[in-house]
There are 2 protein chains.
Amino acid sequence: MASTQDVLDRIDRNREQHLDELREYLRIPSISTDPEYEGEVMAAAEFLRGKMDDAGLDTELVASPTGGYPMVYGEWTGAPGKPTVLFYGHYDVQPVDPLDEWRNDPFEPTLEGDDLVARGATDDKGQSFTHVKAVAEVLAERGELPFNVKFLVEGEEESGGESIEAYVRQDGGDKLACDCVVVSDTSMYAPGQPAMLYGLKGLVYMEIRVQGPNRDLHSGTYGGAVRNPANALAHILAALRDPDTGRVQIPGFYDAVEPLEEWERDAFGALPFDEDGYRDDLDVPALHGEEGYSTRERTWARPTLDVNGIWGGYQGAGAKTVLPAKAGAKVSMRLVPNQDPQDVARRFTEYVHQVAPSGVRVEVETVHHAVPTRIPTEGEAMTAATDAMEAEWGNEPVMIREGGSIPIVATFADVLSVPVLMMGFGLPDDRLHSPNEKFNVQNYHGGIRTVARFLDRLAAS
Amino acid sequence: MASTQDVLDRIDRNREQHLDELREYLRIPSISTDPEYEGEVMAAAEFLRGKMDDAGLDTELVASPTGGYPMVYGEWTGAPGKPTVLFYGHYDVQPVDPLDEWRNDPFEPTLEGDDLVARGATDDKGQSFTHVKAVAEVLAERGELPFNVKFLVEGEEESGGESIEAYVRQDGGDKLACDCVVVSDTSMYAPGQPAMLYGLKGLVYMEIRVQGPNRDLHSGTYGGAVRNPANALAHILAALRDPDTGRVQIPGFYDAVEPLEEWERDAFGALPFDEDGYRDDLDVPALHGEEGYSTRERTWARPTLDVNGIWGGYQGAGAKTVLPAKAGAKVSMRLVPNQDPQDVARRFTEYVHQVAPSGVRVEVETVHHAVPTRIPTEGEAMTAATDAMEAEWGNEPVMIREGGSIPIVATFADVLSVPVLMMGFGLPDDRLHSPNEKFNVQNYHGGIRTVARFLDRLAAS
């Protein structure tokens with residue numbers, strides 16, 4: 001059987017073709033949030049399915065159980081009794097506005113040095129296409145794989161991901177049964193420095209609505225007579241966090257929090273991190289967060305609470321002397337293992353009602369929640385992944401966590417009960433969701449090679 | 001010389017004509033805030049000037065020193081050496097939106113029972129036209145007035161009043177010299193119960209802008225790293241008032257406050273006031289304000305602080321996990337004599353900077369301010385006014401204050417150093433600034449008679 005090096009050589013030989021195929025894929029404006037692009041989103045699904053067919057996979061478009069876009073499914077199950085790897089990705093992309101900030105047409109991929117600039121270049125067409133091309137080249141070189149693979153690539157990641165969530169929970173358990181999941185929708189730590197992401201925060205997103213009088217009032221005529229709902233809202237929001245210690249003041253909020261392990265604090269502390277540069281880039285007078293923790297620890301592994309939006313009364317230019325009828329805010333909390341989003345939502349709601357001043361009516365709604373995830377940092381799949389990354393990039397991957405939430409990762413971990421390997425090939429400055437999104441072509445090529453290496457390492461372990 | 005009763009009889013005989021003239025005046029849509037109505041605003045000025053000409057006054061349109069709408073000026077100065085009364089009013093009106101809530105065309109005055117329904121019916125065309133018709137009828141009956149009168153009617157009261165403010169301060173001192181000013185732009189206390197307004201609050205209107213990071217951030221990636229400007233704003237706003245006592249927490253805020261006099265507390269307490277009905281009308285669970293004072297005392301004669309508007313981050317439906325770059329609020333304080341708006345603005349600004357959390361940049365701007373006013377409740381002019389009201393309505397007027405500000409009243413008091421008599425003929429439910437504004441025709445007629453009585457009483461005193 002052809003060696004790993006044979007496969008890597010083949011990947012190198014076909015480098016231009018891989019790039020051409022990615023360009024073709026990127027030319028399809030598969031913006032899932034905008035119904036005008038429905039045809040293009042479907043075209044992207046068909047394109048990807050075609051590439052999986054070409055690779056030698058058995059494919060289908062899995063209809064959405066919620067009426068949304070289908071998932072592209074592909075499998076090679078020629079190794080019965082052998083382990084199975086499930087590759088996840090998404091074929092939809094973010095909208096492109098503000099369009100005038102793009103240097104080129106966002107759907108005409110443009111090479112600028114080693115960077116391929118296009119919407120979706122990294123997120124996630126480019127990254128998830130590495131999985132397809134790696135499997136395709138292994139099959140082309142050897143006619144078989146050392147074990148089974150499945151692909152599930154969704155078209156709604158940028159618009160809520162409802163379809164895949166429902167599908168995995170309802171029907172996916174058997175069909176998707178596997179030994180590990182591979183996701184490439186994250187970043188390396190720095191150029192040349194690979195990273196394995198092993199922890200994601202959860203989320204509870206709440207909305208507070210404060211109703212004062214039944215209509216906007218003249219602040220002269222009625223000022224002093226009724227509780228102002230915007231003032232009341234400020235009191236509620238101010239009570240949520242201690243402004244000095246940065247601690248969330250909701251009783252029991254920290255009860256279930258899994259403390260940072262000693263090795264994690266050491267590992268995070270050892271990572272290169274230019275705190276001054278970070279502060280200057282954000283142009284804030286000082287960084288701020290929960291006392292007793294570093295910036296990395298706070299953003300990656302400590303729960304947080306932020307007002308995401310606030311509104312009420314007059315927001316225009318100049319003066320309008322209104323005492324507003326109502327005010328509201330959106331507040332989200334990022335959770336860490338083992339916080340339970342529903343428990344936190346309940347505590348939040350109780351606390352808001354407890355601290356709310358009299359004379360107004362307060363409603364609290366849970367808009368959205370996601371559970372926190374932590375992947376074991378040991379095990380065969382993880383070792384195969386870290387070995388593959390180190391072999392490809394020449395540096396041992398660093399173990400990192402992340403403050404964001406990827407709900408499908410938690411769902412896979414929950415439903416399939418397997419490790420989810422977050423193996424990112426993007427770079428931190430790839431401008432995901434922003435104008436001039438890019439993907440470094442060396443990283444694209446290295447990503448394909450890394451996935452091929454990973455398959456062989458996993459088979460050998 | 002014809003008696004007061006002869007004048008009143010004449011006013012009664014010409015009642016229909018007075019109403020017809022007011023209708024004609026109300027048909028002119030003189031909306032000063034909307035540049036589309038410029039021609040109509042000018043037409044209203046010309047109409048009013050014509051009515052003053054007809055009355056026998058010497059008139060002119062006084063050009064605005066700030067490039068806005070002219071003031072209609074009229075005078076009868078045939079009694080040299082005798083006192084002078086200056087009548088103030090405004091010929092512009094509020095916009096009419098929401099138009100679909102009007103039962104009739106807002107500029108086609110419609111009689112509904114005793115109510116004339118039209119935009120401007122009370123505020124202020126109807127009320128200030130009583131001055132013109134009263135003077136016209138006295139002159140028609142007698143060929144002369146017992147003393148001198150001046151009229152100054154502006155066209156920008158609903159759009160900032162800049163022209164008259166500049167004119168009175170720059171050039172008005174000599175031309176407008178008088179012994180008292182009469183303003184009819186307020187309300188009676190209740191049907192049949194006249195009121196003299198002797199106190200108005202001042203105002204300081206501030207804007208607070210809190211700048212966090214230089215761009216909106218992902219609340220997952222950056223939550224815990226930087227101070228959230230919306231959270232910081234909530235802390236600032238919460239620090240402004242004690243939520244329990246309702247007291248403003250700005251150091252020195254109450255230092256200059258003129259305490260309520262004993263007779264005022266007695267007088268306010270003796271006024272009929274249905275507190276339950278008031279609360280039910282506003283549909284709040286409870287009224288609220290500074291502890292130790294009644295609702296009337298708080299709204300009329302105690303300083304207040306209200307958030308007029310608040311904004312920041314995501315205000316749409318659902319969830320957007322943004323850590324906003326900035327947040328802001330508009331906050332106004334209603335002031336009582338002898339609070340100095342500029343001093344309060346300074347204290348506010350210092351306090352906001354003092355309580356602002358670290359890690360954000362805070363700007364405070366004074367948007368607007370107005371000085372509080374208190375008119376002596378004694379003196380010849382005040383006595384003439386209260387006697388005239390009692391004679392006309394059969395009830396002694398109650399002495400009231402008001403939480404709003406009428407900046408021109410303070411300017412008149414300041415520049416001309418004379419009492420400003422606020423003699424209102426409207427009713428509290430006249431729906432000023434709202435759809436279906438109305439003016440009771442009995443009040444219009446009684447208003448003309450009251451002004452005629454006032455002129456004779458003042459001449460006799």
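Modeller: Residues are numbered from 1 along each chain as its sequence is written, while chains are lettered from A and ligands numbered from 1 in the order in which they are written. Because the model is predicted, local features need pLDDT of at least 70 and side-chain atom pairs count only at pLDDT 80 or more, whereas totals for chains, interfaces and linings use all residues.

Colleague: Why is Val344(A) called buried?

Modeller: A residue is buried if 20 or more other C-beta atoms, placed from the backbone, lie within 10 Å of its own, exposed if 12 or fewer do, and partly exposed in between. Val344(A) has 26 other C-beta atoms within 10 Å, and therefore it is buried. This residue lies in helix 11 (residues 341-355) of chain A, where helices (H or I, at least four residues) and strands (E, at least two) are DSSP runs numbered from the N terminus.

Colleague: Which residues is Val344(A) in contact with, leaving aside its neighbours within four places in sequence?

Modeller: They are Val204(A), Phe253(A), Met333(A), Leu335(A) and Gln339(A), a contact being two C-beta atoms, placed from the backbone, within 7 Å. For Met333(A), which is 11 residues apart from Val344(A) along the chain, the C-alpha atoms are separated by 8.7 Å.

Colleague: What makes strand 7 of chain A and strand 17 of chain A a pair?

Modeller: Two strands pair if DSSP finds at least two bridges between them, and strand 7 (residues 180-183) of chain A has three bridges to strand 17 of chain A, in the parallel sense. Strand 8 (residues 195-200) of chain A pairs with strand 17 of chain A over two bridges, in the antiparallel sense. Met422(A) in strand 17 is the bridge partner of Val183(A) and also of Leu197(A).

Colleague: Which way do the residues of strand 17 of chain A point?

Modeller: From strand 17 (residues 420-423) of chain A, Val420(A) and Met422(A) point one way and Leu421(A) and Met423(A) the other way, and all are buried.

Colleague: Which residues touch the most other members of the largest nonpolar core?

Modeller: A nonpolar core is a set of buried Ala, Val, Leu, Ile, Met, Phe, Trp, Tyr and Cys residues joined through C-beta atoms within 7 Å. Of the 239 residues in the largest one, Val181(A), Leu233(A), Leu421(A), Val181(B), Leu233(B) and Leu421(B) touch the most other members. Not counting residues up to four places away in sequence, Val181(A) touches several residues, including Leu86(A), Phe412(A), Val420(A) and Leu421(A). In soluble globular proteins, nonpolar side chains tend to be buried together.

Colleague: How do you know that the relation of the two chains is that of a two-fold axis?

Modeller: Copies are superposed by least squares on the C-alpha atoms of residues with pLDDT of at least 70 in both. Chain B can be laid on chain A with an RMSD of 0.1 Å by a turn of 180° and a shift of 0.0 Å along the axis, and that is the relation of a two-fold axis. The same surface serves both copies, since 100% of the contact residues of chain B recur in chain A.

Colleague: How many residues of each chain are in contact with the other chain?

Modeller: There are 67 residues of chain B in contact with 67 residues of chain A. The largest share of the side of chain B that touches chain A, nine residues, comes from strand 11 of chain B. Strand 11 (residues 304-313) of chain A runs antiparallel to strand 11 of chain B and is joined to it by five bridges, with Gly309(A) standing opposite Gly313(B).
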